[in-house]
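Please read the account below alongside the sequence and the 3D view.

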Amino acid sequence: MGWRGTDALFRGAVGGVGLVTAGVVLHRVDLVLVGAPLLIGTVVALVVPVGRVPTVRAGRVPRTVDSGGSASLAVEVDAGPGVEFIAVRLPGPDAPGPGPVHLLPRAAHYASRLRWDAWGEGVDLRPDHLAAGRDALLISGPVTGPEGRRTVLPVAEPVPPGPLPPRVAGLVGVHRAPRPGDGTELRAVRPFQLGDRVRRIDWRVTLRAGAATGLPLGTLHVRERHAEADADLVLALDSRVDVGAELADWSIGPEGVRPGGSLDTAVRAIVGLAAGYLRQGDRVGLVDLGRPQLGLPPGVGHRHLLRIRHQLVACARSAGWAPRPVLRAVPAGAVVVVLTPLLDDAIVDCVIGAARHGAAIVVLDVLPKDLRPDPETEWGDVVRRVVLTEHRARRAALLAHGVPVADEVTTALRRIGRRR
């Protein structure tokens, strides 16, 4: 976009020429004295050419960052000698989104700092700019800058993991299996049998066992240990609703994820559980109850944790109401942790149905505590009591069918251990 004149240029040129001409024709010195400064000021301001169209270049920022992190941003403004100032929209550490407008000199290096407090996807950099010449008689813009979209991943704060039921086919891991193997935990001491390894012989027990057991002197005894197996953990996210503590805001669709809401709490808990159990070698999978196609099969390792964090952002981007939650394709022997605010009967029926088919399920209730009624209506407190009563009834229904319900991650870990 090139340079164009403003209303100030029109008023200065036309007004100045008109007043001077009228003063000469009418022999009015006062009109000449008023119009001459306007005309002279306009001509003087246009003496210095504005030259090329100014450019604004923003530095490069990683496309994927962690929530709570920050990065420095360098902005370079390049303009000709006739440019007096440039207005640029730049982000700041306390300004969400593209940020406020800053007035910068015609050639400058501006440094800002980006900070990402909330996870999700969005535009955090768009250097829109407008350049003005002397006395703002000529302007160039406004120009919409290229958008800098960022994927902010939920931070991975590992939760100390608890025990899980080992998979039948697992041969490595940190969980004790019921069968004998090459683990570290002692299972029994018994007489030597054909096929036992010599390195398992316990010579101290062998020397003492003759008198204690009545077996012939010199009967060899071996130490039998439990096998160590890995386990499967499936984390099921209820992305159909996202509610906060204010009941008045439940009917207002938020732009993105509500900070501190049910979806935000559930996602942060999932990342913490996944990081803790993946660190000890277990297999962790992800299920989106509202959109099953967004789930991830169980996997291991740091790369799988990164995939889970990316997929949670995709689940939040597609979050929305779905009338029927779906929980399927759960590996045999896996423990399922369902994170939901328990706001409808469909989720209760889904969990109970999966439990009847043999799945070991623990429900983590992520409904915000201390719900606050709508102060603008006299029915606000009545609505809050109705919501809490229905919520307690759903929890009671789950407990009646043998499905434990927890209010926090540490309690859920104890419930997972009891599922053994």
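A residue is called buried when its relative accessible area is under 20%, exposed when that area is over 50%, and partly exposed in between, with a 1.4 Å probe and protein chains only. By that scale C315 is buried, at a relative accessible area of 1%. C350 also counts as buried, at 13% relative accessibility. The structure holds zero disulfides, a disulfide being a pair of cysteine sulfur atoms within 2.5 Å.

The model is predicted, so local features need pLDDT of at least 70 and side-chain atom pairs count only at pLDDT 80 or more, while totals for chains, interfaces and linings use all residues. Residues are numbered from 1 along each chain as its sequence is written, and side-chain values use heavy atoms, with hydrogens and water left out.

In the model, residues 9-26 are 100% helix and 0% strand, with 25 Å between the end C-alpha atoms. Residues 32-53 are 64% helix and 0% strand, and their end C-alpha atoms lie 36 Å apart. Helices (H or I, at least four residues) and strands (E, at least two) are DSSP runs, numbered from the N terminus.

V47 lies in the loop between α2 (29-45) and β2 (55-58). With a relative accessible area of 58%, V47 is exposed. Together with I40, V43 and V44, V47 makes a nonpolar surface patch of about 380 Å². Patches are made of residues with over 30% relative accessible area and no salt bridge; like charges are joined within 9 Å, and nonpolar side chains (Val, Leu, Ile, Met, Phe, Trp, Tyr) within 5 Å. The areas come from the Shrake-Rupley method with a 1.4 Å probe, and for residues only the protein chains shown count as cover.

Next comes a sheet. Five strands form an open sheet in the order β1-β10-β9-β5-β6, with antiparallel pairing. Its edge strands, β1 (4-5) and β6 (101-104), each pair on one side only. Two strands pair if DSSP finds at least two bridges between them. Strands β5 (residues 83-89) and β9 (residues 129-133) pair in the antiparallel sense over five bridges. V88 has H129 in β9 as its bridge partner.

Side chains of opposite charge can pair when their charged atoms come close. A salt bridge here is a side-chain nitrogen of Lys or Arg within 4 Å of a carboxyl oxygen of Asp or Glu, and the whole structure has 21 of them. One network of salt bridges links R89, R126 and D128.

Which residue meets D117 in a salt bridge? The partner is R115, at 2.8 Å from N to O, and R115 is partly exposed at 43%. R149 and E147 also meet in a salt bridge, at 4.0 Å from N to O. R149 is partly exposed at 44%, and E147 is partly exposed at 49%.

D381 forms a salt bridge with R385, the closest N and O atoms being 2.3 Å apart. Because D381 and R385 are four residues apart in helix α7 (residues 380-400), about one helical turn separates them. D381 is partly exposed at 30%, and R385 is partly exposed at 45%.
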